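Hi everyone, thanks for coming. Let me put the model up, and then we can walk through a pocket and a few backbone details together.

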Amino acid sequence: VSALPTSVFESSSAFRIQRSSESKEKLAREAIKFIEPGMSVMLDDSTTVLALARLLSDFGPITVITNYRPNIEILSDCPDVRLIVLGGTYSRTHDSFIGIPNLTGIENYAVDAVFLSTSAMHEGITYHQEHDVVLMKRAMLHTGTRKFLLLDESKIGKTSLNRFVPASDFTDLVLTDATPPDVISQLREV
(Lines give C-alpha, C1' and ligand atoms only; values in the text may rest on other atoms or scores of the structure.)
Protein backbone atom coordinates (compact mmCIF):
# COMPACT_ATOMS: atom_id res chain seq x y z
CA VAL A 1 0.00 0.00 0.00
CA SER A 2 1.30 3.44 -0.95
CA ALA A 3 0.26 6.86 0.31
CA LEU A 4 1.40 8.34 -2.99
CA PRO A 5 -1.27 9.08 -5.57
CA THR A 6 -1.57 6.97 -8.70
CA SER A 7 -3.39 7.65 -11.95
CA VAL A 8 -6.40 5.82 -10.48
CA PHE A 9 -6.36 6.67 -6.73
CA GLU A 10 -5.69 9.97 -5.03
CA SER A 11 -3.79 10.04 -1.76
CA SER A 12 -5.57 11.19 1.38
CA SER A 13 -6.08 14.84 2.20
CA ALA A 14 -3.90 14.47 5.31
CA PHE A 15 -1.02 13.19 3.17
CA ARG A 16 -1.49 15.82 0.44
CA ILE A 17 -1.45 18.67 2.97
CA GLN A 18 2.17 17.77 3.76
CA ARG A 19 3.33 17.79 0.11
CA SER A 20 4.64 20.83 -1.80
CA SER A 21 3.57 23.18 1.00
CA GLU A 22 5.96 25.95 -0.06
CA SER A 23 4.63 25.90 -3.64
CA LYS A 24 1.04 25.93 -2.39
CA GLU A 25 1.74 28.95 -0.18
CA LYS A 26 3.30 30.83 -3.11
CA LEU A 27 0.30 30.04 -5.30
CA ALA A 28 -2.06 31.25 -2.56
CA ARG A 29 -0.16 34.53 -2.14
CA GLU A 30 -0.51 35.14 -5.86
CA ALA A 31 -4.16 34.08 -6.01
CA ILE A 32 -5.28 36.35 -3.17
CA LYS A 33 -4.26 39.35 -5.29
CA PHE A 34 -7.40 38.67 -7.36
CA ILE A 35 -9.75 38.83 -4.37
CA GLU A 36 -11.28 42.01 -3.00
CA PRO A 37 -13.45 42.61 0.05
CA GLY A 38 -17.12 42.10 -0.74
CA MET A 39 -16.53 39.33 -3.26
CA SER A 40 -18.04 35.88 -3.29
CA VAL A 41 -15.65 32.99 -3.92
CA MET A 42 -15.93 29.23 -4.18
CA LEU A 43 -13.08 27.03 -2.98
CA ASP A 44 -12.70 23.38 -3.92
CA ASP A 45 -11.44 20.55 -1.72
CA SER A 46 -7.83 20.68 -2.86
CA THR A 47 -4.96 21.15 -0.45
CA THR A 48 -3.56 23.73 -2.88
CA VAL A 49 -6.63 25.92 -2.45
CA LEU A 50 -6.51 25.27 1.32
CA ALA A 51 -3.45 27.53 1.42
CA LEU A 52 -5.65 30.31 -0.01
CA ALA A 53 -8.36 29.66 2.59
CA ARG A 54 -5.76 30.22 5.30
CA LEU A 55 -5.07 33.69 3.89
CA LEU A 56 -8.78 34.52 3.75
CA SER A 57 -9.19 34.05 7.50
CA ASP A 58 -8.07 37.66 8.06
CA PHE A 59 -9.67 39.00 4.89
CA GLY A 60 -13.11 40.41 4.56
CA PRO A 61 -15.88 40.99 4.34
CA ILE A 62 -16.16 38.06 1.96
CA THR A 63 -18.52 35.19 1.19
CA VAL A 64 -16.88 31.79 0.81
CA ILE A 65 -18.59 28.66 -0.49
CA THR A 66 -16.78 25.35 -0.04
CA ASN A 67 -17.16 21.62 0.42
CA TYR A 68 -13.79 21.03 2.14
CA ARG A 69 -13.85 20.40 5.89
CA PRO A 70 -10.43 22.01 6.59
CA ASN A 71 -11.62 25.20 4.84
CA ILE A 72 -14.75 25.12 6.97
CA GLU A 73 -12.70 24.74 10.16
CA ILE A 74 -10.40 27.63 9.22
CA LEU A 75 -13.13 30.03 8.18
CA SER A 76 -16.02 29.15 10.52
CA ASP A 77 -14.88 31.44 13.33
CA CYS A 78 -13.91 34.40 11.14
CA PRO A 79 -16.33 37.26 11.76
CA ASP A 80 -15.82 38.86 8.34
CA VAL A 81 -16.37 35.62 6.43
CA ARG A 82 -19.86 34.54 5.45
CA LEU A 83 -19.41 30.79 5.06
CA ILE A 84 -21.68 28.61 2.94
CA VAL A 85 -21.11 24.85 2.99
CA LEU A 86 -22.01 22.62 0.05
CA GLY A 87 -23.74 19.33 0.76
CA GLY A 88 -22.86 15.81 -0.22
CA THR A 89 -21.60 12.58 1.26
CA TYR A 90 -18.56 12.92 3.48
CA SER A 91 -15.42 11.43 1.90
CA ARG A 92 -12.74 10.47 4.43
CA THR A 93 -10.09 10.32 1.71
CA HIS A 94 -10.80 13.85 0.53
CA ASP A 95 -12.00 15.20 3.90
CA SER A 96 -14.81 16.86 1.99
CA PHE A 97 -18.45 16.56 1.01
CA ILE A 98 -18.94 15.14 -2.48
CA GLY A 99 -22.12 14.29 -4.31
CA ILE A 100 -24.08 14.49 -7.51
CA PRO A 101 -23.75 18.21 -8.29
CA ASN A 102 -27.46 18.92 -8.68
CA LEU A 103 -28.06 17.46 -5.20
CA THR A 104 -25.28 19.42 -3.47
CA GLY A 105 -26.68 22.88 -4.05
CA ILE A 106 -23.84 24.05 -6.32
CA GLU A 107 -26.13 25.10 -9.16
CA ASN A 108 -27.81 27.62 -6.85
CA TYR A 109 -24.75 29.85 -6.78
CA ALA A 110 -22.98 32.31 -9.04
CA VAL A 111 -19.73 33.58 -7.54
CA ASP A 112 -17.26 36.27 -8.51
CA ALA A 113 -14.40 33.78 -8.53
CA VAL A 114 -13.89 30.06 -8.17
CA PHE A 115 -10.52 28.64 -7.15
CA LEU A 116 -9.70 25.06 -8.08
CA SER A 117 -6.76 22.73 -8.36
CA THR A 118 -6.46 19.23 -9.69
CA SER A 119 -4.12 16.26 -9.71
CA ALA A 120 -2.56 16.47 -13.13
CA MET A 121 -2.23 18.42 -16.36
CA HIS A 122 -0.81 17.21 -19.64
CA GLU A 123 -0.84 18.99 -23.00
CA GLY A 124 -3.40 21.53 -21.86
CA ILE A 125 -5.87 19.02 -20.39
CA THR A 126 -6.47 18.72 -16.65
CA TYR A 127 -7.13 15.37 -14.97
CA HIS A 128 -8.22 13.84 -11.69
CA GLN A 129 -8.28 10.25 -10.46
CA GLU A 130 -11.89 10.10 -9.32
CA HIS A 131 -15.01 10.64 -11.43
CA ASP A 132 -17.21 11.98 -8.63
CA VAL A 133 -14.58 14.60 -7.76
CA VAL A 134 -14.39 15.61 -11.44
CA LEU A 135 -18.17 16.12 -11.49
CA MET A 136 -18.00 18.36 -8.39
CA LYS A 137 -15.09 20.37 -9.79
CA ARG A 138 -16.83 20.85 -13.15
CA ALA A 139 -19.97 22.09 -11.40
CA MET A 140 -17.87 24.43 -9.26
CA LEU A 141 -16.08 25.74 -12.34
CA HIS A 142 -19.40 26.77 -13.90
CA THR A 143 -20.35 28.92 -10.88
CA GLY A 144 -17.53 31.41 -11.34
CA THR A 145 -17.34 34.58 -13.36
CA ARG A 146 -13.56 34.22 -13.09
CA LYS A 147 -12.24 30.69 -12.95
CA PHE A 148 -8.80 30.14 -11.43
CA LEU A 149 -6.65 27.02 -11.71
CA LEU A 150 -3.87 26.86 -9.11
CA LEU A 151 -1.26 24.29 -10.09
CA ASP A 152 2.26 23.55 -8.94
CA GLU A 153 4.92 22.06 -11.17
CA SER A 154 4.70 18.58 -9.63
CA LYS A 155 1.34 18.04 -11.39
CA ILE A 156 2.44 19.06 -14.87
CA GLY A 157 3.15 16.44 -17.50
CA LYS A 158 1.00 13.83 -15.77
CA THR A 159 -2.40 12.33 -16.45
CA SER A 160 -4.99 10.52 -14.39
CA LEU A 161 -7.92 8.27 -15.17
CA ASN A 162 -10.53 11.01 -15.67
CA ARG A 163 -10.30 14.09 -17.83
CA PHE A 164 -11.44 17.16 -15.94
CA VAL A 165 -11.47 20.09 -18.43
CA PRO A 166 -9.10 21.76 -20.88
CA ALA A 167 -6.96 24.44 -19.26
CA SER A 168 -8.63 26.89 -21.66
CA ASP A 169 -11.87 26.52 -19.63
CA PHE A 170 -10.19 28.59 -16.90
CA THR A 171 -10.01 32.36 -17.22
CA ASP A 172 -6.81 32.47 -15.15
CA LEU A 173 -3.97 30.03 -14.51
CA VAL A 174 -1.82 30.53 -11.43
CA LEU A 175 1.34 28.45 -11.84
CA THR A 176 4.57 28.17 -9.90
CA ASP A 177 7.81 29.68 -11.16
CA ALA A 178 9.18 26.18 -11.72
CA THR A 179 6.61 25.49 -14.46
CA PRO A 180 8.61 24.61 -17.59
CA PRO A 181 8.71 27.50 -20.11
CA ASP A 182 7.50 25.25 -22.94
CA VAL A 183 4.36 24.44 -20.92
CA ILE A 184 3.70 28.14 -20.32
CA SER A 185 4.13 28.85 -24.05
CA GLN A 186 1.75 26.02 -24.91
CA LEU A 187 -0.87 27.29 -22.46
CA ARG A 188 -0.65 30.83 -23.83
CA GLU A 189 -1.50 29.51 -27.29
CA VAL A 190 -4.65 27.77 -26.09
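Let's start with the second largest pocket, where α2 (21-31) and β11 (172-175) each supply at least two residues of the lining. Helices (H or I, at least four residues) and strands (E, at least two) are DSSP runs numbered from the N terminus. A quick word on the source: this is a predicted model, so local features need pLDDT of at least 70, side-chain atom pairs count only at pLDDT 80 or more, and totals for chains, interfaces and linings use all residues. Residues are numbered from 1 along each chain as its sequence is written, and side-chain values use heavy atoms, with hydrogens and water left out.

Which element gives the most to that lining? It is α2, with five residues. Among the lining residues are Glu22, Lys26, Glu153 and Asp177. A pocket here is an open set of points on a 1 Å grid over the protein atoms alone, where a 1.4 Å probe fits, with protein on both sides within 12 Å along at least five of seven lines; lining residues have an atom within 4 Å of a point.

Now the backbone. The peptide bond from glycine 60 to proline 61 is cis, with omega near 0°, and proline 61 sits in the loop between α3 (47-56) and β2 (62-66).

Aspartate 95, in the loop between β4 (89-91) and β5 (96-98), has a positive phi near 55°. Glutamate 123 also has a positive phi, about 50°, and lies in the loop between β7 (120-122) and β8 (125-128). Most residues other than glycine have a negative phi.
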